[in-house]
Amino acid sequence: MDQKSIISQLPYSQPFLFVDEILEIDENSVTGEYTFSAGQEFYKGHFKDSPITPGVILTECMAQIGVVCLGIFLLKKSDSDSENPKIALSSSEVEYFKPVYPGETVKVISEKIYFRFNKLKCKVEMFSSKGELICKGTIAGMMLTK
């Protein structure tokens, strides 16, 4: 399964798709990128005169790349009949260290902690284009195939 196929199966669309590219993926990890364009609606109110990306959006980006993309890949490897899986976030614990401003590109790196009974738990980190740690945490989700 190639990277574009995985992205096309994500259950999101604009303006709530936070995956531009998957750089690497295998049974244990995924690396992807996303650029937060300055025109995104949430910047108008967060914050009025000094926009930054909300933490909940950073967490969503980490979850989409780090859990959902990896989950689709793992489901396709284990069950070729699973079409358009449904994903439910079951838990997240994220620490934030640096802000993300409009126009910035981030890299998300996720390592699988476990995948069993269709629950995927991952250690996920987000980095700036300069390699600085923006946030990190543990995110888990259920992959529903029927």
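This is a predicted model: local features need pLDDT of at least 70, side-chain atom pairs count only at pLDDT 80 or more; totals for chains, interfaces and linings use all residues.
Residues are numbered from 1 along each chain as its sequence is written, and side-chain values use heavy atoms, with hydrogens and water left out. Helices (H or I, at least four residues) and strands (E, at least two) are DSSP runs, numbered from the N terminus.

**Helix 2**

- Helix 2 covers residues 55–78, and its 24 residues should span 34 Å at 1.5 Å a residue. The expected span is 1.5 Å times one less than the number of residues. The end C-alpha atoms sit 33 Å apart, which agrees.
- There's a kink of about 30° in helix 2, centred on Ala63. The bend at a residue is the angle between axes fitted to the seven residues ending there and the seven starting there.
- Helix 2 is mostly covered, with 20 of its 24 residues buried. Buried means under 20% relative accessible area, exposed means over 50%, and partly exposed is in between (1.4 Å probe, protein chains only).

**The nonpolar core**

- The largest nonpolar core has 38 residues, and Phe36, Cys61 and Met126 touch the most other members. Such a core is a set of buried Ala, Val, Leu, Ile, Met, Phe, Trp, Tyr and Cys residues joined through side-chain atoms within 4.5 Å.
- Two or more residues come from each of helix 1, strand 1, strand 2, helix 2, strand 4 (105–116), strand 5 (119–128) and strand 6 (133–144). Helix 2 gives the most, with 14 residues.
- As general background, nonpolar side chains in soluble globular proteins tend to be buried together.
- Setting aside neighbours within four places in sequence, Met126 is in contact (heavy atoms within 4.5 Å) with residues including Leu58, Cys61, Met62, Val106 and Val108. Lys107 and Glu132 are also among the contacts of Met126.

**Aromatic rings**

- Rings of Phe, Tyr and Trp (its six-membered ring) pair if their centres lie within 6.5 Å; planes under 30 degrees apart count as stacked, over 60 as edge-to-face and the rest as tilted. By this rule the count comes to five aromatic pairs.
- One of them is Phe18 with Tyr34, edge-to-face at 5.5 Å centre to centre and 85° between the planes. This pair links distant parts of the chain, 16 residues apart: Phe18 is in the loop between helix 1 (3–8) and strand 1 (21–25), and Tyr34 is in strand 2 (residues 29–35).
- Both partners are buried: Phe18 has a relative accessible area of 0%, and Tyr34 comes in at 4%.
- Phe42 and Tyr43 make a tilted pair, 4.7 Å centre to centre with 55° between the planes. Tyr43 is buried at 5%.
- Phe16, Phe18, Tyr34 and Phe36 form one aromatic cluster.
- Gln40, in the loop between strand 2 and helix 2, touches Phe18 and Tyr34, not counting residues up to four places away in sequence. Gln40 counts as buried, at 11% relative accessibility.
- Arg116 lies over the face of Tyr114, 3.9 Å from the ring centre. The cut-off for a charge over a ring is NZ of Lys or CZ of Arg within 6 Å of the ring centre and within 35 degrees of the ring normal.

- For context, most residues other than glycine have a negative phi, and most peptide bonds are trans.
- A cis peptide bond joins Gln14 and Pro15, with omega about 10°; Pro15 lies in the loop between helix 1 and strand 1.
- Another cis peptide bond joins His46 and Phe47, with omega about 0°. Phe47 sits in the loop between strand 2 and helix 2.
- Phe117 has a positive phi of about 50° without being a glycine, and Asn118 has one of about 60°, also not a glycine.
- Phe117 is exposed at 78%, whereas Asn118 is partly exposed at 28%.

**Ala88 in strand 3**

- Ala88 is found in strand 3 (residues 86–96) and is partly exposed, with a relative accessible area of 33%.
- Not counting residues up to four places away in sequence, Ala88 touches Gly141 and Met142.
- The C-alpha atoms of Ala88 and Ser78 are separated by 19 Å, with the two residues ten apart along the chain.
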